[in-house]
Structures are given as C-alpha cells and as structure tokens.
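Visitor: Please take one part of this model and go through it closely. Then show me how it sits in the rest.

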Amino acid sequence: MTTTTPSEVRPDPPHSPDDRSLTEFGYRQELHRSLGRYASFAAGFSFISVLTTVFQFFAFGYAFGGPVFFWTWPAVLVGQLMVAACFAELAARYPISGAIYQWSSRLSNLTFGWFAGWIMVIGQIVVVAAAALALQLVLPAIWSGFQLIGTDSAITSADGAANAAVLGVILLSLTTLVNILDNRVMSVINRVGVTAEIIGAVLIVVLLLTHSERTPGITFHTEGAAQSGLLGALLVGSFAAAYVMIGFDSAGEMSEETHHPRRTAPRTILVALGAAGLLATLIVLGGLLAAPSLTDGRLAVDGLSYVLTSSLGDGVGRVLLADVVVAIAVATLAIQTAACRMLFSMARDGQLPFSGRLAKVNPRTGMPSAPALVVGVLAAALLLLNFASPDAFLAIGTTCIVMLYLAYAMVTGPLLVRRLRGEFGAEATEATEATDETSARLFSLGRWGVPVNALALLYGLFMTVNLAWPRAAVYDPAGGHWYFQWFTVLFLTVTVVIGVVYRAYKARAAVAEVPEAVAA
C-alpha cells in the first residue's frame with residue numbers, strides 16, 4: 001500500500017478499542033470504522049430491501065401460487081431466522097469482513113471455506129444484477145418516459161427486458177461511483193435510504209389494509225394453485241419469499257467498519273431480518289386484500305405496482321412508487337458493498353487472482369476501489385442476458401438465491417459438526433468466557449444451539465434443491481430455451497468448475513515455488 005502524508009488520510013482516530021477484534025485474527029485495521037448500530041442495521045436491511053424484492057417477485061409468486069402463496073412468507077421467515085441466529089453467534093466470535101468465507105474457513109478448513117466464499121461472492125454479483133433490474137417494474141409505472149426502448153414496459157416482454165438492462169446499467173454506474181468515494185458517504189446514503197424505505201413500507205401496509213376489498217380468509221383460497229397442485233404452488237411460490245429474505249449477513253460483512261462489532265452485528269442481523277420479514281409479509285397480505293381484482297390477470301403480470309396505482313390513485317401510488325425507486329437504488333448499493341467486502345477479504349488472504357490489487361484500500365476513503373469496479377462491471381455484463389430473452393430476469397433472480405442459500409448451508413453445516421463435537425456452543429463459550437466489547441457475554445443460542453442449527457441446515461438444503469430444480473413451467477414457459485430451464489444448475493456448475501481449476505492451478509504454482517526457494 002502506498003504511503004501518504006497525514007493530510008491525505010481521513011482524520012479518524014488512529015487506534016480504536018475495536019481494533020483488537022481484528023488484530024487477534026492477524027489482520028490490521030485498514031477499513032475505516034465509522035458505522036454505528038443503525039448503520040449496521042441499515043446494511044442488513046437494505047440488502048434485504050423489502051420494497052425492492054417484494055415488488056420484484058410478487059407477480060411471480062401470485063402467478064404460480066394464487067392467494068395461498070401468502071403462507072410461504074411466514075414459513076420462509078421462520079426458516080431464515082434459524083439461519084440468522086446461527087450467523088449471529090458467528091458474527092460475535094468472528095467480526096471480520098467476508099463473513100461467509102471467514103466463518104466457513106474457521107469452522108472447517110481453508111479449501112471448504114474458500115468455495116463457500118467463492119460461491120457467495122459470485123451469488124452476490126448476480127444479486128446486484130437482479131436488484132438493478134427491478135427498476136423496470138417501477139420507473140415506467142411512474143412516468144412512461146422511463147421506457148427508453150420500445151413501448152411495452154412489462155419485464156416479460158422483449159422491450160421491457162431490454163429497457164430493464166439499460167436502466168440497470170445506469171444504476172450500477174452510480175452505485176459503483178458511491179462505492180469508490182467514501183464509506184461515510186455510503187453510510188449516509190444507506191441510512192437515509194433505509195429510513196425512507198421503512199417509512200414507505202409502513203405507509204404502504206397501512207394504506208393497503210385500509211383499502212381492503214376482501215378479508216384475510218382469501219389467503220386460504222387455492223384457485224390459482226389448481227394447475228400445479230397445492231404443494232407445487234407453495235414450493236414455487238416460496239421463490240418470492242426466499243428472494244426477499246437473503247442478505248441479512250451483511251451486518252457481519254461490515255464488521256470491520258462497525259463500532260463494537262461483537263455486540264452490534266449479532267443484534268442487527270436478527271433485527272434486520274425480523275423487521276424486513278414482518279414488513280414483507282404484511283405488504284403481501286395488503287396487496288392481496290386491496291387488489292381491485294384477483295382474476296383479471298393483472299396481479300400476476302404487474303404485481304404490486306398495479307395495486308398501488310389502481311387502489312390508491314395515480315397520485316399517491318406514484319409517490320409511493322418513487323419511494324420504491326429509492327429502495328431499489330439503496331439495495332443495489334448495499335449488495336454491491338457486501339460483494340466488495342467479500343472480494344476484499346478473500347484477496348487479503350491471497351486467495352484470488354490479482355489479490356494485491358483487490359486487497360488494496362485507499363487510505364483516504366477507507367474503501368477498496370478495485371472490488372467495486374469488478375462487481376459493477378460483472379453485474380452489468382450479466383444484464384446483457386436480458387437482451388437475449390425476457391426469461392433471463394427469472395433465471396438471474398433464481399440463480400442468485402440458490403448461490404446464497406448454498407453458501408449459507410456451507411456455514412451452518414460445519415457449524416453443526418463443531419457443535420456436535422462440543423467445540424462450539426454453550427460449553428465452549430463457558431470454557432473461554434468470551435465477552436464482547438462491553439464485557440458482556442457473547443450472543444449464544446445456548447442449549448438451543450444444536451436443534452436450531454440442525455433445522456437451519458435442513459431448511460437451507462431443502463430450499464437450495466427446491467429453488468434449483470429445473471422446472472420447465474417456471475424457467476422456460478415459452479419453450480425453446482433449454483439453457484434457461486437449466487440456467488441455475490449450469491451456472492452453479494460452471495462456478496464450481498472454475499473454482500476447482502483455479503485452486504488446482506494455485507496449488508501447483510505453490511509446489512513449483514518450493515524448489516525455487518530451496519535452490520535460492
């Protein structure tokens with residue numbers, strides 16, 4: 001890292017008491033600690049981004065499940081809360097950037113942890129692309145002038161898919177710039193955006209529930225599930241909830257930039273998921289109750305944008321949609337930031353190509369700039385798939401969920417093994433008497449650790465298979481695009497194969513260096 005004069009460096013305190021949380025793991029403080037409790041919460045909440053993801057996948061869930069798909073939301077929330085509880089324990093014990101990679105490596109071994117981090121970071125890049133595509137579901141509904149290509153704004157149409165890619169690239173350019181500027185700028189945008197999103201989400205819930213056209217009993221109706229059967233409808237309908245409730249681990253990703261991370265991160269992981277899951281469930285319920293019609297077909301195509309503008313009027317509806325735009329922008333920024341921290345953490349350990357450049361932190365801004373550019377460019381490249389076919393939207397969206405769910409399982413799996421060996425949990429904590437920065441006991445599930453961990457792992461593996469299953473009716477409804485039907489499986493396979501090839505090359509290079517070093 002290049003040396004700088006004092007005037008070039010941001011005047012943060014040179015030594016923070018929180019730095020001990022990092023030095024004990026062999027790392028020095030390079031990222032700037034400036035995030036408080038609310039900023040840490042905002043990191044997790046903005047990745048989940050209720051308004052972005054519910055608006056993005058509501059129509060899909062309703063199209064396959066009908067009103068009964070509502071019940072997948074509380075089911076997924078319970079499953080993810082079990083995963084989040086395990087992550088909260090790990091965030092308290094390993095407050096390091098690159099959370100999934102770091103946790104999995106320390107619970108198992110470096111090779112297994114590397115693949116967890118590799119799958120996670122590729123998944124995060126895909127999530128960035130998927131989040132940016134959500135603008136197409138909102139901006140043209142606010143003003144037709146945002147439809148820059150063609151006239152059909154539906155994301156399932158050729159015009160809509162192409163326009164979504166253009167809007168997405170513009171958004172990625174802006175978020176990449178913010179991710180290079182300064183982490184304080186990023187934090188302010190995040191906090192303001194999350195506050196606006198929470199206010200908007202609460203207003204949407206209240207307005208939809210006060211404009212109800214029917215009773216909550218409609219959620220037990222299974223008419224829309226007749227084609228695939230109730231079980232099939234719920235399995236596919238769960239995609240929407242599964243997509244919404246990911247990314248809560250971002251509070252752990254930002255640990256090296258958070259004050260009192262051992263105390264703050266565990267709580268914000270759980271609070272962010274709980275708050276987002278509750279709001280999302282209520283918005284879905286409100287949308288079903290307030291929709292002008294459940295049978296005219298529009299709810300399965302236009303989703304919540306149709307409900308807001310039809311039930312609340314164009315004026316109020318567009319104001320709320322503008323708030324959704326803010327949520328989408330902040331979500332894209334937060335997801336990109338999380339991916340940047342994962343790349344930085346792996347590169348700092350020398351585990352990626354061009355590690356020296358990717359691990360370099362600008363001493364003035366406290367930001368790793370190269371990872372931001374890499375994530376932005378790769379996510380923009382993925383958006384080009386939308387020009388090939390409108391089905392790319394669903395393929396990209398589902399792929400990113402599968403990648404993250406699999407990476408999560410690669411943490412909860414080794415964690416369960418450690419618990420069963422008595423190396424992690426209540427007994428291990430008592431033996432070490434680990435405490436956080438305030439000298440309080442670290443967050444722990446105690447005697448509930450094994451059952452919660454086991455259920456979290458089973459849930460994660462089940463959802464990974466469910467999401468990746470190549471259903472033709474879901475991924476290639478028009479037929480003729482077998483690669484979209486198998487896109488998730490193919491993408492995951494290619495990701496793993498590239499990882500294996502790189503690890504083999506790296507191992508061979510390391511062996512070749514040994515004789516040279518001996519000869520020298």
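Guide: Start with one term: two residues are in contact when their heavy atoms come within 4.5 Å. Keep in mind that this is a predicted model.

The part to look at is a pair of helices. Find helix α4, which covers residues 72-93, and helix α5, which covers residues 99-107. Two packed helices are described by an angle between their axes and a distance between those axes. For α4 and α5, the angle is about 85° and the axes are 11 Å apart. Angles of 65 to 115 degrees count as roughly perpendicular. Therefore α4 is roughly perpendicular to α5.

Which residues of α4 and α5 make the contact? On α4, look for Phe87, Leu90 and Ala91. On α5, look for Ile100, Trp103 and Leu107. Now sort the residues of this contact by type. There are 6 nonpolar residues, no polar ones and no charged ones.

Now step back to the whole chain. The protein chain has 23 helices and 0 strands. Along the principal axes, its C-alpha atoms fill a box of roughly 75 × 50 × 45 Å.

Contacts also tell you how the chain folds back on itself. Take the contacts between residues at least 6 apart in sequence. Of these, 82% join residues at least 24 apart. Next comes burial. Of the 520 residues, 59% are buried. The chain exposes about 20,000 Å², and carbon and sulfur atoms supply 67% of that area.

Begin with Leu139, which sits in helix α7, residues 139-142. Buried means under 20% relative accessible area. Leu139 has 10%, so it counts as buried. Leaving out residues up to four places away in sequence, Leu139 touches Phe146, Leu167 and Val325. From Leu139 to Ser46 is 93 residues in sequence and 19 Å in space, C-alpha to C-alpha.

Ala322 is found in helix α14. Its relative accessibility is 34%, so Ala322 counts as partly exposed. Ala322 and Leu35 are 287 residues apart along the chain, and their C-alpha atoms are separated by 27 Å.

Finish with the backbone. Most residues other than glycine have a negative phi. Which way does phi go at Ser49? Ser49 is not a glycine, yet its phi is positive, about 45°. Look for Ser49 in the loop between α2 (37-48) and α3 (50-65). With a relative accessible area of 0%, Ser49 is buried.

Phe354 also is not a glycine, and its phi is positive too, at about 60°. Phe354 lies in the loop between α14 (314-348) and α15 (355-358). Is Phe354 buried or exposed? Phe354 is exposed, with a relative accessible area of 71%.

How values were computed: Residues numbered from 1 in each chain as written. Predicted model: local features only at pLDDT ≥ 70, side-chain atom pairs only at ≥ 80, totals over all residues. Heavy atoms only, no water. Axes fitted to C-alpha atoms, helices over the stretch in contact; angles between N-to-C directions. Helix = DSSP H or I, 4+ residues; strand = E, 2+ residues; numbered from the N terminus. Parallel < 35°, antiparallel > 145°, perpendicular 65-115°, else oblique. Nonpolar A, V, L, I, M, F, W, Y, C, P; charged D, E, K, R; others polar. Buried < 20%, exposed > 50% of the residue type's maximum accessible area, 1.4 Å probe, protein only. Areas by Shrake-Rupley, 256 points an atom, 1.4 Å probe, with all protein chains shown as cover.
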